[in-house]
Protein chains: 2
Amino acid sequence: MLSVLDLLRDLDSGRLTIQGIFDRVEEAIDRREKTVKAFAHLDLASAHKRSSNAVGGALAGLPFGVKDIIDTAEMPTEYGSPIWADWRPRADAPVVTLAKRAGAVVLGKTRTTELAHMHPTVTTNPHDPARTPGGSSSGSAAAVAAGMVPFAFGTQTAGSTIRPAAFCGIAGVKPSFRLLPTVGVKTFSWHLDTVGLFAPHVADCAFVLSAITGRALRVDTKNFGAPRIGFVRTHRWDEAEPEMRRALESVARRATARGATVVDVTLPSLFAEAADAHRIINDFEGAESLAWEYDTHGAALSPELRAVLDHGRHLDPTAYDAARSTAHAARRKFADAFEDVDVLLTPSAPGAAPEGLGSTGNPKFNALWTLLGVPCVNVPGLVDGSGLPLGVQIVAPFGKDRTALAAADWLERALARG
Amino acid sequence: MLSVLDLLRDLDSGRLTIQGIFDRVEEAIDRREKTVKAFAHLDLASAHKRSSNAVGGALAGLPFGVKDIIDTAEMPTEYGSPIWADWRPRADAPVVTLAKRAGAVVLGKTRTTELAHMHPTVTTNPHDPARTPGGSSSGSAAAVAAGMVPFAFGTQTAGSTIRPAAFCGIAGVKPSFRLLPTVGVKTFSWHLDTVGLFAPHVADCAFVLSAITGRALRVDTKNFGAPRIGFVRTHRWDEAEPEMRRALESVARRATARGATVVDVTLPSLFAEAADAHRIINDFEGAESLAWEYDTHGAALSPELRAVLDHGRHLDPTAYDAARSTAHAARRKFADAFEDVDVLLTPSAPGAAPEGLGSTGNPKFNALWTLLGVPCVNVPGLVDGSGLPLGVQIVAPFGKDRTALAAADWLERALARG
């Protein structure tokens with residue numbers, strides 16, 4: 001993989017040139033893209049040219065991937081739907097402009113599930129082409145994991161960043177709600193849609209986030225020390241696969257052995273209700289957001305998505321209002337979970353990437369955190385018995401993105417040491 | 001003017017046909033549009049044709065106007081900026097689709113200030129062509145006031161719906177935040193941008209909102225009785241023009257005489273801080289939302305807007321975070337203002353529409369309520385000494401849109417009785 005921090009360090013020391021980075025990118029694409037199918041649009045030559053002309057910035061010259069529901073001026077943006085075939089936005093989404101300001105260049109648009117919902121795309125898991133890379137940010141996660149790009153933007157409305165990061169064995173961050181603007185991103189649910197980021201390691205994600213937002217989010221500049229961790233099994237713990245449950249217990253033990261404090265944290269039943277509220281908000285807002293697609297191109301929607309929009313369209317507005325009230329109450333109550341701990345530790349997904357490409361897996365371990373709008377970071381490094389990546393995530397209070405990133409980075413390093 | 005409820009009543013009773021409505025629309029456009037300049041795009045013939053083919057719905061066959069920062073598939077959407085000349089979205093924004101579902105048809109795109117900010121457009125006030133109609137939803141307010149359309153969509157980020165409604169002497173509603181989806185609407189500030197609605201009378205607005213949202217928001221079906229009103233002068237009362245101050249005092253007396261309870265309500269200083277926080281959030285988010293325009297077409301932005309984006313770009317993220325915390329605290333505290341009253345009464349603008357077309361007036365009496373995300377309704381019917389409209393607004397707690405509309409409707413009727 002192409003670690004952002006490693007590349008920049010090597011560029012800085014003169015061991016590597018922009019040409020060298022593009023040689024590696026080209027080599028990885030030549031070798032992997034035919035099977036992985038991460039890109040909907042790709043323009044290596046013009047990225048290379050723009051990169052060579054880049055004049056400084058924290059991400060000077062680095063190519064990046066952009067999920068194909070995020071607008072780009074220089075490439076089509078097709079939302080993973082035939083309804084939007086050949087669509088060309090006039091403007092870049094702000095996240096793209098902000099990355100360009102930092103010196104990075106768009107390498108390509110990465111494949112997304114249909115309109116960032118559940119209906120899969122053709123992308124395969126770089127660890128096993130017979131398995132899903134997760135979704136909806138399938139191509140972004142796979143492109144990073146296959147070493148084709150050092151970082152890529154994704155989005156998460158339920159589990160679309162953390163789950164594919166877990167399945168592909170890379171770092172993924174879903175920052176606090178609206179830390180990265182969703183302007184220029186195809187909307188599904190305006191209270192849930194969140195722009196996220198993928199990179200090989202947690203410290204890479206933190207560096208890119210810092211460069212884009214101008215906030216102090218780097219974790220590679222000092223030692224933050226061992227965090228106080230709350231181990232949250234959630235009310236769906238029984239639905240995690242045995243190997244995931246064992247992995248979590250083992251992570252807790254290893255973190256303790258490395259000096260972290262790990263205590264059990266149980267969330268009150270309000271948070272189970274909040275997880276249910278997610279679906280109501282998602283479906284109600286999705287039905288409004290995609291009203292034009294539904295009314296004018298209904299036959300071009302997948303049956304899965306149509307069913308969700310039908311459900312959303314027939315929800316009573318009072319049920320939606322009640323779901324929002326539940327979400328609001330849960331957001332306020334969430335601070336209580338952090339009385340004795342800095343961050344929470346919980347599964348990123350029910351298990352490793354499931355077999356087959358007909359589903360991108362289940363977001364049941366993600367929807368609650370997305371609803372709460374709190375930062376989540378997938379910690380890479382664990383594998384199951386057959387060598388497939390297993391992901392665990394670190395969750396922090398709203399606005400504590402650096403706390404989440406620092407703890408996740410600490411944990412990634414602790415796990416790497418065995 | 002073309003009252004929605006009057007038109008529908010006359011259609012229903014057979015006194016009027018769709019042809020008759022379009023005759024009136026055409027007559028008003030022929031007579032007024034040359035001076036008022038409300039429309040950026042107008043297609044009377046195709047609206048008439050679609051209207052004649054409309055098959056039922058609460059708004060069956062009614063033409064409407066759409067502010068030109070709201071996407072339409074059938075007409076250009078140019079955001080009031082040369083950067084977006086000839087831009088053609090592929091999809092309708094959800095609010096447009098929802099109005100079409102209710103049977104209404106797009107008559108035209110109404111003129112907006114540059115990117116819905118302060119730099120004015122060419123629209124004039126239907127009451128005096130030497131005066132501003134207000135902005136940024138200049139064309140929507142003017143088109144309704146000139147009788148060219150029965151209702152129109154606008155937006156409000158500071159005062160862009162309530163102020164033009166006041167200056168043009170019509171009803172305007174800025175609903176609770178995100179009651180109407182902002183999807184497909186050009187973003188300036190994602191925490192502030194709100195889709196609003198204009199119509200001749202408050203009951204017209206309530207009817208259209210109800211038809212679009214499927215919520216029980218009509219106020220023409222029963223008598224809601226006299227409201228308990230809190231008279232809020234705000235911390236900027238001294239900056240209201242003497243005639244506006246006198247008008248408000250007189251409204252309070254007349255409401256009392258008609259059976260309303262009117263008490264003074266003073267908001268704590270937190271709300272003055274919140275009004276200041278509005279600018280920080282507005283400018284910070286505007287600078288991110290319009291990053292592409294700034295970086296790639298900076299010379300095509302007005303100097304006013306460039307200055308705002310420069311300010312926003314150089315704000316420290318911690319100042320932005322602090323402003324959001326202040327806003328959050330004020331939203332929670334706002335419930336206290338309604339201990340003894342149902343709604344608040346406060347100026348819609350400092351006075352009547354100012355002379356000249358170089359400015360759209362000042363949103364100083366609007367920004368706080370937009371920041372709070374609470375429903376606001378401009379009550380039409382008052383005039384100043386020279387016959388120009390003066391607007392007062394009714395404000396209610398978040399989610400109490402019907403309470404706001406019912407009280408505003410009551411007040412509009414009370415004022416009409418003298």
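## Contact between the chains

Two residues are in contact if their C-beta atoms, placed from the backbone, lie within 7 Å. By this criterion, 25 residues from chain B and 25 residues from chain A take part in the contact. On the side of chain B that touches chain A, two or more residues each come from α4 (94–101), α9 (270–289), α10 (291–297) and α12 (317–333) of chain B, where helices are DSSP runs (H or I, at least four residues) numbered from the N terminus. The largest share of that side, four residues, is supplied by α4(B).

By class, the side of chain B that touches chain A has 11 nonpolar, six polar and eight charged residues; Ala, Val, Leu, Ile, Met, Phe, Trp, Tyr, Cys and Pro count as nonpolar, Asp, Glu, Lys and Arg as charged, and the others, Gly among them, as polar.

## Model and confidence

This is a predicted model, in which local features need pLDDT of at least 70 and side-chain atom pairs count only at pLDDT 80 or more, whereas totals for chains, interfaces and linings use all residues. Residues are numbered from 1 along each chain as its sequence is written, and chains are lettered from A and ligands numbered from 1 in the order in which they are written.

Chain A averages a pLDDT of 97, with 100% of the residues scoring at least 70, pLDDT being the predictor's confidence in each residue, from 0 to 100. For the complex, the predictor gives an ipTM of 0.97 and a pTM of 0.98.

## A helix pair in chain B

The axes of α7 (residues 202–213) and α14 (residues 401–416), both of chain B, come within 8 Å and cross at roughly 155°; axes are lines fitted to C-alpha atoms, for helices over the stretch in contact, and angles run from 0 to 180 degrees between N-to-C directions. α7(B) and α14(B) are therefore roughly antiparallel to each other, a term for angles over 145 degrees.

In this pair, Val202(B), Ala203(B), Cys205(B) and Ala206(B) of α7(B) meet Leu405(B), Ala408(B), Asp409(B) and Glu412(B) of α14(B). The residues of this contact comprise six nonpolar, no polar and two charged.

Terms used:
Angles under 35 degrees count as roughly parallel, over 145 as roughly antiparallel, 65 to 115 as roughly perpendicular and the rest as oblique.
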